[in-house]
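Work through the exercises below with the sequence and the model side by side. Try each task before you read its solution.

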Amino acid sequence: MPQQRPHNMGAGGTCICPKCDYHGAHRNGVPCQDDHCPNCGAKLLREGSYHDQLLQQKRQH
Ligand SMILES: [Zn+2]
């Protein structure tokens with residue numbers, strides 16, 4: 001069972017930048033990984049995804 005996040009992910013969800021922590025609304029039909037950060041140009045991650053969880057774990061340790 002997936003863990004619930006404290007904030008509401010909603011239907012669209014959120015794309016985040018692993019480099020500069022940019023948060024943007026996920027665009028329907030466009031995977032976050034195919035979108036790029038408007039600040040630094042890095043590939044975005046879907047918030048709550050497997051890769052996002054890895055990132056959070058790295059930051060905690
Ligand atoms: Zn960025």
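**Exercise 1.** Does Cys37 count as buried or exposed, and why?

*Solution.* Before starting, note that this is a predicted model, in which local features need pLDDT of at least 70 and side-chain atom pairs count only at pLDDT 80 or more, while totals for chains, interfaces and linings use all residues. Residues are numbered from 1 along each chain as its sequence is written, and side-chain values use heavy atoms, with hydrogens and water left out.

Step one is the scale: buried means under 20% relative accessible area, exposed means over 50%, and partly exposed lies in between, with a 1.4 Å probe and protein chains only. Step two is the value: Cys37 counts as buried because its relative accessibility is 5%. On that scale Cys40, with a relative accessible area of 40%, is partly exposed.

**Exercise 2.** Find which atoms coordinate the zinc ion, and describe the geometry of the site.

*Solution.* Begin with the donors, which are N, O and S atoms within 2.8 Å of the metal (3.2 Å for Na, K and Ca); water is not among the atoms, so sites may look incomplete. The zinc ion is held by the SG atoms of Cys17, Cys20, Cys37 and Cys40, at 2.3 Å. Along the chain, these donors follow the spacing C-x2-C-x16-C-x2-C.

Next, turn to the angles: four donors count as tetrahedral if all angles lie between 85 and 135 degrees. Here the angles among the 4 donor atoms are 100 to 126°, and the site is tetrahedral. For comparison, the ideal angle for four tetrahedral donors is 109.5 degrees.

**Exercise 3.** Trace the strands of the chain and work out how they are arranged in the sheet.

*Solution.* Count the elements, taking helices (H or I, at least four residues) and strands (E, at least two) as DSSP runs numbered from the N terminus. The chain has 1 helix and 3 strands, and along the sequence they follow the pattern β-β-β-α.

Then look at the pairing, for which DSSP must find at least two bridges between two strands. The 3 strands form an open sheet in the order β2-β1-β3, with antiparallel pairing. Its edge strands, each pairing on one side only, are β2 (23-25) and β3 (45-46). Between β1 and β2 there are 3 bridges in the antiparallel sense, and Ile16 has His23 in β2 as its bridge partner.

Finally, examine the loops: Asp21 lies between β1 and β2, and has a positive phi of about 70° although it is not a glycine. Gly41 lies in the loop between β2 and β3; it is 22 residues from Lys19 in sequence, yet the two are 9.3 Å apart in space, C-alpha to C-alpha.

How values were computed. Four donors count as tetrahedral if all angles lie between 85 and 135 degrees; four count as square planar and six as octahedral if opposite donors are over 155 degrees apart and all others between 65 and 115; anything else is irregular.
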